[in-house]
Amino acid sequence: MRAVVAVIGKDTVGILAKVSAICAEANANIMDVTQTIMQDLFAMTMLIDISKCGSEYSALADKLVRAGEEMGLQIHVMHEDIFNAMHRI
Amino acid sequence: MVLSSNDILETIKMIQEENLDIRTITMGISLLDCIDSDIDKSCAKVYDKMMRLACNHVKTGEDIEKRYGIPIINKRLSVTPIAMLAAAAKGSPVKFAQTLQKVADETGVNYVGGYSALVHKGFSAGDKELIESIPEALSVTTKVCSSVNVGSTRAGINMNAVALMGRIIKQASEATASDHCFGAAKIVVFCNAVEDNPFMAGAFHGVGEPDCEINVGVSGPGVVRSAIAKMPGATIDEIADTIKKTAFKVTRMGQLVGTEASKMLGVPFGIVDLSLAPTPAVGDSVAHILEEIGLESCGAYGTTAALALLNDAVKKGGVMASSRVGGLSGAFIPVSEDAGMIDAVNRGSLCLEKLEAMTAVCSVGLDMFVVPGDTPAEILSAIIADEAAIGMVNSKTTAVRVIPAIGMKEGEMLDFGGLFGSGPVMPINRFSPAKFISRGGHIPAPLQSLKN
């Protein structure tokens with residue numbers, strides 16, 4: 001089972017470090033990261049393996065969203081199936 | 001990465017900025033095994049069965065919201081038309097409405113639909129009692145919705161039922177006059193009602209459906225509007241193509257949520273209803289899509305054509321995205337629930353007659369519109385008869401949900417709050433149809449050939 005973590009907002013120091021630390025705590029393995037900076041906007045998408053998180057997945061999602069708010073960023077954590085369903089035939 | 005960042009960001013933008021959501025997950029529950037000649041025993045069976053099947057419905061919806069990051073606005077239940085239970089039981093059918101309310105309160109669902117009767121060919125035992133009890137049932141409950149099917153393409157239109165429903169709607173409005181006449185907003189009068197509709201107020205669980213199933217209604221007018229806004233110089237067929245692609249994505253999301261909910265609840269998956277259901281929120285309006293296509297204001301000449309194009313493209317895109325499509329499937333045009341429609345009425349570009357024409361080419365019908373409180377019952381009946389005739393002749397579902405605003409006149413605003421929005425009181429044609437309505441009887445089913 002994999003989930004997508006999307007981080008959108010103003011670029012600052014330590015975004016990747018903070019997000020990956022939270023993932024590591026929850027035993028979620030980071031499988032892929034892409035990031036772009038469009039004008040001033042930082043957009044990072046990360047694919048994480050959540051099969052070892054078990055029931056902690058929802059706590060992980062909450063933690064990431066909260067961390068995002070603290071850094072002034074929007075963080076969305078969504079199961080990858082939604083993207084596969086919407087963008088693949 | 002297998003997934004592209006653009007796709008991910010597009011989905012997030014749809015949800016965050018364009019109000020993409022799952023409008024409802026509705027669990028349909030058959031109550032045929034709860035029929036009993038003792039009404040109290042029957043109510044107890046209804047309560048037990050619904051609580052057993054639906055106790056985790058709301059929690060499952062919330063878990064799915066969290067897992068996929070998609071808002072699911074409503075969790076609802078629909079049941080077998082209560083008239084069938086009332087037929088066997090003696091006593092006031094209002095007891096069933098109170099039981100449904102109790103289930104709604106205890107399970108936490110937003111609405112329960114199915115305080116309904118199907119009388120398109122005539123009244124059977126229980127039907128009249130149930131219909132007569134609708135005003136009381138809707139004034140003593142808050143979460144129960146009612147619907148009555150008065151016509152069909154195969155049966156014609158039951159004009160006795162049409163006459164009765166005009167009076168019932170007026171009474172329901174009067175009984176809830178202190179509560180924004182909200183009783184009338186919870187009644188739908190149908191022609192060609194569908195058995196698997198997940199949307200309120202017209203949801204009921206048809207007798208041809210399985211014992212229990214999950215139906216999903218998607219939404220996304222904002223997503224469609226914003227997709228069209230990105231193509232200012234496009235031709236109409238390019239626009240139709242874009243609507244199809246957008247509807248495909250939206251429906252796939254509905255299919256995913258429905259499949260997941262059915263797995264988690266251990267209940268078969270019924271259908272995805274491919275609908276563009278607006279809300280009063282800014283950017284969630286079907287009227288604004290029509291305006292984006294190129295009309296100065298919804299209701300202008302060209303509105304019916306633009307809506308026909310929109311409705312058809314939504315279906316074409318959605319059908320490929322889901323293996324099971326059903327319900328009402330099309331664009332909804334409720335006046336009070338759509339910011340663009342409200343503005344169009346207020347600026348004088350949308351009148352009742354144009355709205356009626358629009359219902360001939362889109363999903364459902366004259367929905368959530370407000371008329372003056374002193375509108376005679378026979379005019380309400382005649383509005384219902386006209387709308388039912390459109391459905392009957394065109395082999396489609398049509399419906400009327402009209403709110404006579406007690407004590408209000410044309411031009412005033414009736415405010416319901418929340419998802420139901422607020423409706424301007426619309427002017428009506430006051431020439432009397434009283435004699436036509438008082439004749440009673442039946443409009444015979446229309447010919448299915450020689451179509452002109």
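# A walk through a predicted two-chain model

B:V150 touches B:V119, B:H120, B:I157, B:N158, B:A161, B:V162, B:M165, B:V189, B:F190, B:C191, B:I384 and B:A388, leaving aside residues up to four places away in sequence, where a contact requires that the C-beta atoms of two residues, placed from the backbone, lie within 7 Å. This is a predicted model, in which local features need pLDDT of at least 70 and side-chain atom pairs count only at pLDDT 80 or more, while totals for chains, interfaces and linings use all residues. Residues are numbered from 1 along each chain as its sequence is written, and chains are lettered from A and ligands numbered from 1 in the order in which they are written.

B:V150 and A:V5 touch the most other members of the largest nonpolar core, which has 183 residues. Such a core is a set of buried Ala, Val, Leu, Ile, Met, Phe, Trp, Tyr and Cys residues joined through C-beta atoms within 7 Å; a residue is buried if 20 or more other C-beta atoms lie within 10 Å of its own, exposed if 12 or fewer, and partly exposed in between.

Chain A has three helices and four strands, and from the N terminus on its elements follow the order β-α-β-β-α-β-α. Here helices (H or I, at least four residues) and strands (E, at least two) are DSSP runs, numbered from the N terminus. Buried residues make up 36% of the 89 residues in chain A, and of its contacts with a separation of 6 or more, 68% are between residues 24 or more positions apart. The C-alpha atoms of chain A fill a box of roughly 35 × 35 × 20 Å along the principal axes.

Where chain A meets chain B, the contact takes 21 residues from chain A and 18 residues from chain B. On the side of chain A, the elements that give two or more residues are β1 (2-10), β2 (29-38), β3 (41-49), α2 (57-71), β4 (73-79) and α3 (81-87), and α3(A) gives the most, with six residues. By class, this side of chain A has 11 nonpolar, seven polar and three charged residues, counting Ala, Val, Leu, Ile, Met, Phe, Trp, Tyr, Cys and Pro as nonpolar, Asp, Glu, Lys and Arg as charged, and the others, Gly among them, as polar.

In chain B, helix α11 (residues 286-293) has eight of its eight residues buried, so it is largely enclosed by the rest of the structure. What covers these residues includes α9 (221-229), α10 (236-265), β9 (275-276), α12 (303-321), β10 (330-331) and α13 (339-346) of chain B. Just after α11(B), B:G294 takes a positive phi of about 140°.

Two packed helices are described by the angle between their axes and the distance between the axes. Axes are lines fitted to C-alpha atoms, for helices over the stretch in contact, and angles run from 0 to 180 degrees between N-to-C directions; angles under 35 degrees count as roughly parallel, over 145 as roughly antiparallel, 65 to 115 as roughly perpendicular and the rest as oblique. α11(B) and α12(B) pack at an angle of about 105°, with their axes 10 Å apart, and that makes α11(B) roughly perpendicular to α12(B). In this contact, B:I289, B:L290 and B:I293 of α11(B) meet B:T303, B:A306, B:L307 and B:L310 of α12(B), a set that divides into six nonpolar, one polar and no charged residues.

α9(B) and α11(B) pack at an angle of about 10°, with their axes 9 Å apart, and are therefore roughly parallel to each other.
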